[in-house]
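Please take a moment with the sequence and the structure before I go through them.

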Amino acid sequence: MKYAVTGRLTGFHKNTVRDVLIGKRKHAKVGRPPKLTPRNKRIIKQIAKGKRYSSPTQIGKEAKVGIKKRKVRRRPLLRQHHKEKRIEFARDCIIKKVDFDSVVFSDEKKFKLNGPDGYQYYWFAIDESNDFVRYSADYHRKKGVMVWLCMSSKGILCVQRLKGSINQDTYTDIVTNDPLAMMHGAHGTDFIFQQDNAPAHKAKNTIKALQSTGLVIMDWPTVSPDLNPVENIWALIVRRLYATKYRFHDEEALWNATIRVTNEITVQEVQKYTGSMTNRLLNVIEKKGLYSQ
């Protein structure tokens, strides 16, 4: 009763008056208990301040706590006609019993100075003042190294650095020089050349020029990076390239490191992926054209 009287005199609700006078009742915490102790949090903060460009995994290892980050997977959207072409391709390869040990796979990828996804993050504490801006090594520049690679069951056959824009002429020159000689050296004339459907690859002049050298080109379905084992090799290179050095300051250092890591990949590691083609195709059919993995 006294809370109501006091409330009328002060203009506050009686429950508000009660809470102020006797203290709000504390409710028990719900949800999962925190895994990090206050000491863990202090250690992580100290490490992050001292090594601002460290990855969460590196900080977790040094702080001896189990933290890590996960990256969102990005894939092109598969339309119905894409799915139908993928199923048709998979069935055709299985019926014809295509020998994927005699297929030379190719692809290109750009490696960035600031980590595998091209973004560089740094740590700062929310209680820090006057935190100055830290610019990316790629800031306001088109930095990075574009790499073209071809491989087969014989291992990685050729790795080349691409400079400038890639058009029909430059792509044709790339394939028909050292890479073509390496393909013939590994397989003689009994092989099929795989390439994706980038505009420079599928242009009529490009196809005509490649076929004039005797290359047999595989009819590859669009939007099908999951079927190309080179994508697995790219992932392998990225993991090893940025494992110890997450940031490169110039393109030459990045290129030299990329070549070193690529040369260390064994034939057995490549065969692990080229030998999985039949399973990939079966998965595409089973999943009605969706991504195999």
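Predicted model: local features only at pLDDT ≥ 70, side-chain atom pairs only at ≥ 80, totals over all residues.

What share of the residues of the protein chain count as buried? Of its 293 residues, 38% do, where buried means under 20% relative accessible area, exposed means over 50%, and partly exposed lies in between, with a 1.4 Å probe and protein chains only. Residues are numbered from 1 along each chain as its sequence is written, and side-chain values use heavy atoms, with hydrogens and water left out.

The protein chain has 13 helices and four strands; these are DSSP runs numbered from the N terminus, with helices being H or I of at least four residues and strands E of at least two. If we take the contacts between residues at least 6 apart in sequence, 74% of them join residues at least 24 apart, and a contact here is heavy atoms within 4.5 Å.

The four strands make an open sheet in the order 3-2-1-4, with mixed pairing, and two strands are said to pair if DSSP finds at least two bridges between them. Strand 3 (155–162) and strand 4 (192–193) stand at the edges with a single partner strand each, so one side of each has no neighbour in the sheet. Strand 2, by contrast, has seven of its eight residues buried, so the rest of the structure largely encloses it.

Strand 2 is joined to strand 3 by seven bridges, the two running antiparallel, and they form a hairpin with two residues between them; within this pairing, V147 has R161 in strand 3 as its bridge partner. Seven bridges also join strand 1 to strand 2, again antiparallel, and there D107 stands opposite L149 in strand 2. Strand 1 (residues 103–111) runs parallel to strand 4, with two bridges between them, and the partner of V103 in strand 4 is I192.

Helix 6 packs on this sheet, touching strand 1, strand 2 (145–152), strand 3 and strand 4, and its direction makes about 45° with that of strand 2. Helix 7 lies across strand 1, strand 2, strand 3 and strand 4 as well, running at about 180° to strand 3. Angles run from 0 to 180 degrees between N-to-C directions, and axes are lines fitted to C-alpha atoms, for helices over the stretch in contact.

How do these two helices meet? The axes of helix 6 (residues 168–176) and helix 7 (residues 178–187) come within 3 Å and cross at roughly 35°, and I174, V175 and T176 in helix 6 meet P179, L180 and M183 in helix 7.

Finally, helix 5. At 1.5 Å a residue, the 17 residues of helix 5 (residues 80–96) should span 24 Å, which agrees with the 24 Å between its end C-alpha atoms; the expected span is 1.5 Å times one less than the number of residues. Its buried residues are H82, K83, R86, I87, F89, A90 and C93, and helix 13 (277–286) is included in what covers them. On the face turned away from that buried side, helix 5 carries the exposed residues K85, I95 and K96. After helix 5 comes K97, whose phi is positive, near 55°.
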